[in-house]
Amino acid sequence: MSTASSGGDNSPDAADAPPNSVVLAERLGLVLPDPLATFLDDPPAEPALSELLYRVVAPFTEPPSLPWAFALLQQAAQRPPLELVPVAPVDDRSIACVVSGRMGRSLPADYGAVVRWHLDDIPARAQRALLDVDLSSYLETYTTEVITRRQGLESFGERVAEYDAARGGKTPRAHEPRPIRKACQNVIIGQGNWHHDGAFNGLNVTDWQTCQVPHVAAHEGNRGLLASTLAEAFRAGGTMEVRFDEHLEGRVPASLRQYGRVLGCEPGRRDERAITPDEARELMLEVTPMNEGLREVLHELFERGSLAPERACYLLLAGTWKPIELEFLLRTSPRAISMLSGGADPLDRMARQAELATGRAAVALGMLHARLSLPLATEDDTDEKVAVVEDARRELAWHIDGRAATVRFEAPTLAPQGTPWNGPRCESALVVAPRSHPARSDFELVESLSGDGPAALVIPADAACPAELERAVMRCPDRINALDRVVESRLTAARVGRA
Amino acid sequence: VSTERYDLVLVDHELWELECAGLAREAELAVRRQRKALVGERREALRYDRIAETVERQVRTMVQKGFVEVLETSVADLSSTVRHDHSWVKDETRLPFSVPAAADHIRRGGTVVVLCDPFAPGETARVAGPGAPIPPQEVDRVTDEDGRPLRGGRARRALWERQLVAARERDGAVVVPTAVSNTILTAGLRRHAGLDGRPATVARVMYRDGSEGPPLRLGAVELGDRVPEQWPLLRFAMMSMRHNEIDPDVDGAWFRNRLLSRSTTEGQTDELAYELSLRRLDRLLDGGPVAIELHQTGLQAAVMGFYRAVADVLFDRPGAFAVRPKLHVPGRDQAVDATPWGLTS
């Protein structure tokens, strides 16, 4: 194998040696994608990357030598597949690898892609996450990020100093620069600075920088910062165009384009300096967290022209309605669209009565979901001396039956310490029917559902219920008036949320 | 989706008077107060909400105890011609459902209370009817003579001007004042409010939050730059308690900040500013012609509301008063004079 640096083998034999890619492919029995073969035989000459990119360089027992990287990869807590070829560190505890093929086998579906392999023991769903669609694109992004990182940090530092001096802690208005940082467990994963610009009636982004860190899923910094950017573009009331003319890179930042490629909708295709309104819509749908059930019902409404995607996404991103609440509204009530636009006139009591009852049910459902999602208590918790503030909520699956207005929660262990709100004992599933004023037919519904497993009505704390039917209800801690206040605040937020 | 079911509860006169009549009267008073309240004010409406909810809960209790008769209906029978204000009906012509037994009950002096169950099992009309997806917005771009995109203040001015020019071409064109700066907004309104030899037009005023303000009359008022010196001069800050540094230079504030800074849509803020301005102008002009010096710092909806009122009053009473705008621009110590809404010379 020939070496690629001045510290390598310069003997005359080296000139006749087969290319690195050929040697590697033969020794490991791999089918290398063309960009990887080119990379191995002729690594990029960029000086800023000389200590980062893994290549065939002596000494083989130290970074950035490729054999050293292979050895490091083999020490990972989860054994990597043989077809992964390390190319560069992503961060201190994960490595970017190119997916190759194995000789004699069919090529993997992600052949040629760049994926992330974590060295630590992490949840299986986060391992081998897609970093970029191919090595050439990855290297272009990697190079840009490395070269502009320091300048970007300094520029952002100046923006923050200006902001602190000018605003004195006051929330800026839409047209004033607004620097924001995103952090996870005290580690910054993204930072940006933007303001609404009336010159093009869109968002002007002057700083936008993200990074990958070991304890956060791949591209989560990009996702979070992009979600905030697009939410602000909507809130500020512009056309949803996001321009990067004044950004350090002079175009849509490389990391953002890379994330777009991973999602299948790379921004900057029509205008390299901007996310256009239609690209913004496409991206907003991708970066807004929602389950498949909600995505399905929203798409149906978008297709029918009842709802603009960015409005629905904004309501979710701003926390106006939680995903389970929004899906419940959309699947059960013909008044959902009116509610998402701010609701009916309170003096139109017929409409208001229906909207409040629907809203109360949705809010109580959201409370129950939050309660069921609390982490399972462990024995260690009893010895805890210091409160640990950690988002350790569990992911629960739910299914909403629109015709019956019921919700089925599912999880391997749904409520091991007992169902909240004096609900029926359940193992892995629970069906609830949220109602603010349960009618006789609602009790009959629950009774019929009970044949298939635990089921209950979820009602406000002060809702009327015949004593003999009390065992069929779960009383949420809030009273009707308190729920009404929450519903009203959400209707108001939906009405005036946009500038 | 599930279906909405409405129960018509027939409450006898005595029971109604005993349990609900007092609450219902309070609720009706709240509605009357709400109808007189300022645009966007919801306090009385929310009070009505609470009282109406209490009335409906009393009636639900009566239903549970079997004190009253219940007639079931469905949303399909809901009348679209009757305004559905209260959930209790004492006038048979205001019954939202055409159910003879309910009408008979009212004729006998009873009250019908309509209770909604939004989650009755069944399939109703879809949440949305068939339609085409709402397209993404177009980018807003203005270019110079050479086709290069304009930037900064020139672009902002040109974008606003483009909307106003379109609104002078035909009735019903939309102008969107959201995020247009105070200076550009005011100058554009002044430029297009006056007579220009073409027929007057009426523009729709839409805001980015989806709300709509009252229509804006353009090209209808005889306007000049002259403000007669002999007229009494009244100096106002546009908004109280917003920029206190203006206070020494003014006699008062045109709008109370508390009224215009509530959580309402921009369209409602515009409408409120318009109505308040009409009232204030009406009272001011009782004493004869005046010159108003208005110190502006922003809030597009308030600026729109104020100048719409100015244009409308001047349309009815040409030359009755004049406005001299003083624009306070961030970063400048002195207010900037804008073109007056005055008399022709």
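Modeller: A network of salt bridges links A:Arg349, A:Arg352, A:Arg360, A:Asp484, A:Glu488, B:Arg42, B:Asp49, B:Glu53 and B:Glu56. A salt bridge here is a side-chain nitrogen of Lys or Arg within 4 Å of a carboxyl oxygen of Asp or Glu. The model is predicted, and local features need pLDDT of at least 70, side-chain atom pairs count only at pLDDT 80 or more, and totals for chains, interfaces and linings use all residues. Residues are numbered from 1 along each chain as its sequence is written, chains are lettered from A and ligands numbered from 1 in the order in which they are written, and side-chain values use heavy atoms, leaving out hydrogens and water.

Over all chains the structure holds 66 salt bridges, and the count between chain B and chain A is ten. In one pair across the two chains, B:Arg57 and A:Asp462, the closest N and O atoms are 3.3 Å apart. In total, 67 residues of chain B are in contact with 66 residues of chain A, contact meaning heavy atoms within 4.5 Å. The area buried between them is about 5,600 Å², with carbon and sulfur atoms giving 51%; this is the accessible area (1.4 Å probe) that two parts lose on being put together, summed over both.

Within chain A, the side chains of A:Arg331 and A:Glu296 form a salt bridge at 3.8 Å, N to O. This pair links distant parts of the chain, 35 residues apart, with A:Arg331 in helix α11 and A:Glu296 in helix α9 (residues 292-303). Helices (H or I, at least four residues) and strands (E, at least two) are DSSP runs, numbered from the N terminus. A:Glu296 counts as exposed because its relative accessible area is 51%; exposed means over 50%, buried under 20% and partly exposed in between (1.4 Å probe, protein chains only). By contrast, A:Arg435 and A:Asp442 are both buried, and their side chains meet at 3.0 Å, N to O.

In chain B, B:Asp104 and B:Arg107 pair at 2.3 Å, N to O. Both lie in helix α4 (residues 100-107), three residues apart, about one turn of the helix. B:Asp104 is partly exposed at 32% relative accessibility, whereas B:Arg107 is exposed at 51%.

Helix α11 of chain A (residues 323-332), which carries A:Arg331, lies across β12, β13 (406-410) and β14 of chain A and runs at about 20° to β12. Axes are lines fitted to C-alpha atoms, for helices over the stretch in contact, and angles run from 0 to 180 degrees between N-to-C directions. Helix α13 (residues 349-372) of chain A also packs on the sheet, touching β12, β13, β14, β15 and β16, with its direction at about 10° to that of β13.

The nonpolar surroundings complete the picture. The largest nonpolar core has 77 residues, and those touching the most other members include A:Phe328, A:Leu330 and A:Val407. Its largest share, eight residues, comes from α13 of chain A. Such a core is a set of buried Ala, Val, Leu, Ile, Met, Phe, Trp, Tyr and Cys residues joined through side-chain atoms within 4.5 Å.
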